[in-house]
Amino acid sequence: MASSYGTDADKSSLRSNYLVARRTIPARSRLESDASIRGALEAFPLFSEAPLVLTYVSRDAEVGTRPLIEALLSRGRRVAVPRVDLEAHDMTFHEIGSLDELVPRTMRILEPAAGAPVVTAPEMVGSVCLVPGLVFDGAGHRVGYGGGYYDRFLAFYPGDKIGLARTTMLSSNPLPTDGHDIPVDFIATEGAVWSCRSR
């Protein structure tokens with residue numbers, strides 16, 4: 001795996017460094033990496049057989065999810081994406097039938113419009129959740145954007161958690177963690193999906 005910025009780096013420093021590093025990756029390289037990640041994910045039985053996929057809607061230089069969302073919906077798969085409530089400091093997932101149903105909301109992130117059907121906890125049993133992050137380590141810990149929305153959601157999520165990461169987003173050093181941090185179960189990277197559970 002790629003080297004991190006050191007075990008003594010705090011989350012804020014790591015976040016800043018990886019944001020800069022991510023922006024320097026050429027667009028063509030990102031697209032090629034993301035296509036390889038998508039191929040590995042679609043060949044992963046836990047993902048391909050899941051009755052419901054929860055996923056973030058990619059923006060900027062994140063690992064792209066929009067082509068994946070479109071492909072899943074075209075095959076009749078159930079897909080849900082997050083909607084953030086800033087006042088409640090909460091995040092819920094809502095089922096969509098098309099990317100056209102999304103509207104720019106918090107920080108101009110595309111989210112389901114008001115009234116989109118909420119996915120309940122019982123419906124999430126057996127599902128998978130694709131989790132964003134700036135960097136992941138071998139134990140499945142990650143540094144995100146600092147809002148804590150995913151950690152609060154994942155603390156009670158009953159399905160399997162899969163991080164999406166280019167190899168440049170993988171740290172050979174353990175990442176700093178807090179008591180509320182929730183690791184992912186698997187990481188999908190270029191050409192492979194590997195388990196974090198036994199680490």
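Helices (H or I, at least four residues) and strands (E, at least two) are DSSP runs, numbered from the N terminus.

This is a predicted model, so local features need pLDDT of at least 70, side-chain atom pairs count only at pLDDT 80 or more, and totals for chains, interfaces and linings use all residues. Residues are numbered from 1 along each chain as its sequence is written, and side-chain values use heavy atoms, leaving out hydrogens and water.

**Exercise 1.** Work out which way strand 1 and strand 2 run, and how the chain gets across.

*Solution.* Start with the pairing (two strands pair if DSSP finds at least two bridges between them). Three bridges join the two strands, which run parallel. Leu 52 sits opposite Arg 78 of strand 2. Now trace the chain: from strand 1 it passes through helix 4 to strand 2, a right-handed β-α-β crossover. Right-handed means that, with the strands pointing away from the viewer, the path from the first strand over the helix to the second runs clockwise.

**Exercise 2.** Find the partner of Leu 54 in strand 6.

*Solution.* Strand 1 and strand 6 also pair in the parallel sense, over three bridges.
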